[in-house]
Amino acid sequence: MKKIDTTASINGIKLPLCIMNASGVLCTTEQELSNLLNSFSGGIVTKSCTYKPRKGNVIPRYFEWNIGSINSMGLPNLGINFYLSFLEKKKINKPIFLSISGLSKEENYFLVKKANESSKITAIELNLSCPNIVEKEKMLGYDFYQISNFIENIFKFNKKPLGIKLPPYFREEHIKNMALVLNQFPIFFVTCINSLPNGLFIDPMKESVVIRPKKGFGGIGGSIIKPFALANIHKFYTYLRKDISIIGCGGISSGKDIFEHILCGASAVQIGTQFMKEGISVFERLKKELIFILEKKNYSSINSFKGKLKNF
Ligand code: DHB
């Protein structure tokens, strides 16, 4: 039997496995990050951080059901200095993506500068798509006027590999416009997609919402969002410069789902809701399931089928 290669390259960043965690899930504390360092995951994405530590929103702020999840966490994180000093202490055996989600453009400039000072960070995942913060500024991922100037400012000083975590888009025109902006900059990757913003899950027995913040509204993840993730990945794959890699995120719970993300153009994938449900063993299971599919299909690596989705 031929050896199957499940490693990945994100615009030259080598991952020992194409599967990692999605930012936000079990990647906030020292214990959670240590577990990820010791796991099969091909990389580690840290919880989106701010300058100051944050407790986040009131609980309950996360709820899951058979095919989805809803959250309004409110950016609970230990502050950028914690993540930088944690990484300083550790022996690092896989790429580290520091996720940054400042509450203002100025805070993001500051956080990107700080991240540039650390040799332990492989890349920055700049999160322009957090749906749960009610601040003065509009979510940059949906602000087609400001985002170009914002990214231009970032690249005036940024020297690290940098990618952008995007929200889902529901119109081709929006993806095309965003890709045209991103194509002007030396961006390494985009991560598609963050949760679908402002969903509402309710309990008809209790006649109530299921999470406390924002009257029950929150970001939707899990299997039900997979068609939106695939659509965004595939459209960005057509419109982005070919050297900008896509990290697929949204609705992965099996090896088949990973196969679909890669077929649409993803170079690697992230696991959110399913990692939350299943815990750290999810990476090894998904790796086995992916290898099983590639064996059956006679593919020896991800590159043999990446982006090769057929039309009728
Ligand atoms: C949170 C949720 C997100 O989807 C995100 O991208 C960043 C932060 C949160 O509520 O903590």
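Good morning. First, a caution. What you see is a predicted model. Keep that in mind throughout.

Let's start with the ligand. Where does it sit? The ligand is in the largest pocket. Which residues are around it? There is Lys 47, and then a run from Met 73 through Gly 74 and Leu 75 to Pro 76, with Asn 71 also on the list.

Now the polar atoms. Take Gly 74. One of its polar backbone atoms is 2.8 Å from an oxygen atom of the ligand. Next, Met 73. Here a backbone N or O atom lies 3.2 Å from a ligand oxygen. Asn 132 uses its side chain instead: an N or O atom there is 2.8 Å from an oxygen atom of the ligand. How much of the ligand does the protein bury? Taken alone, the ligand exposes 290 Å², and the protein buries 92% of that.

Leu 75 lies in the loop between strand 6 (68–71) and helix 2 (80–89). Its phi is near 60°, a positive value in a residue other than glycine. Is Leu 75 buried or exposed? It has a relative accessible area of 4%, under the 20% cut-off, so Leu 75 counts as buried.

Find it in the loop between strand 13 (208–209) and strand 14 (217–221). But Lys 215 is exposed, with a relative accessible area of 72%.

On to charges. Side chains of opposite charge can pair when their charged atoms come close. How many salt bridges does a search of the whole structure find? Eleven. I'll pick out three of them.

One is Lys 235 with Glu 172, with the closest N and O atoms 3.4 Å apart. This pair links distant parts of the chain: Lys 235 is in helix 6 (residues 226–239), Glu 172 is in helix 5 (residues 172–182), and 63 residues separate them. Both ends are partly exposed, Lys 235 at 30% and Glu 172 at 38% relative accessible area.

Another is Asp 257 with Lys 226, at 2.8 Å between the closest N and O atoms. Asp 257 is in helix 7 (residues 255–264) and Lys 226 is in helix 6, so this bridge ties together parts 31 residues apart in sequence. Here both ends are buried: Asp 257 at 5%, Lys 226 at 14%.

My last pair is Glu 278 and Arg 285. Their side chains meet at 2.6 Å, N to O. Glu 278 is partly exposed at 27%, and Arg 285 is partly exposed at 24%. There is also a network. Lys 226, Lys 256, Asp 257 and Glu 260 are joined by salt bridges that share partners.

Back to helix 7. Gly 255 lies in it. Gly 255 is buried, at 0% relative accessible area.

Finally, two cis peptide bonds. One runs from Ile 59 to Pro 60, with omega near 0°. Pro 60 is in the loop between strand 4 (44–45) and strand 5 (62–65). The other runs from Cys 192 to Ile 193, with omega near 15°. Ile 193 is in the loop between strand 10 (189–192) and strand 11 (196–200).

Thank you.

How values were computed: Residues are numbered from 1 along each chain as its sequence is written. This is a predicted model: local features need pLDDT of at least 70, side-chain atom pairs count only at pLDDT 80 or more; totals for chains, interfaces and linings use all residues. Side-chain values use heavy atoms; hydrogens and water are left out. A salt bridge is a side-chain nitrogen of Lys or Arg within 4 Å of a carboxyl oxygen of Asp or Glu. Helices (H or I, at least four residues) and strands (E, at least two) are DSSP runs, numbered from the N terminus. Buried means under 20% relative accessible area, exposed over 50%, partly exposed in between (1.4 Å probe, protein chains only). A residue is near a molecule or strand if one of its heavy atoms lies within 4 Å of it. A polar contact is a pair of N or O atoms within 3.5 Å; within protein, one must be able to donate a hydrogen and the other to accept it, and residues adjacent in sequence count only if both atoms are side-chain atoms. Accessible areas come from the Shrake-Rupley method with a 1.4 Å probe; for residues, only the protein chains shown count as cover. On a 1 Å grid over the protein atoms alone, a cavity is a set of points where a 1.4 Å probe fits but cannot get out, and a pocket is an open set with protein on both sides within 12 Å along at least five of seven lines; lining residues have an atom within 4 Å of a point. A molecule sits in a cavity or pocket if more than half of its atoms lie within 2 Å of its grid points.
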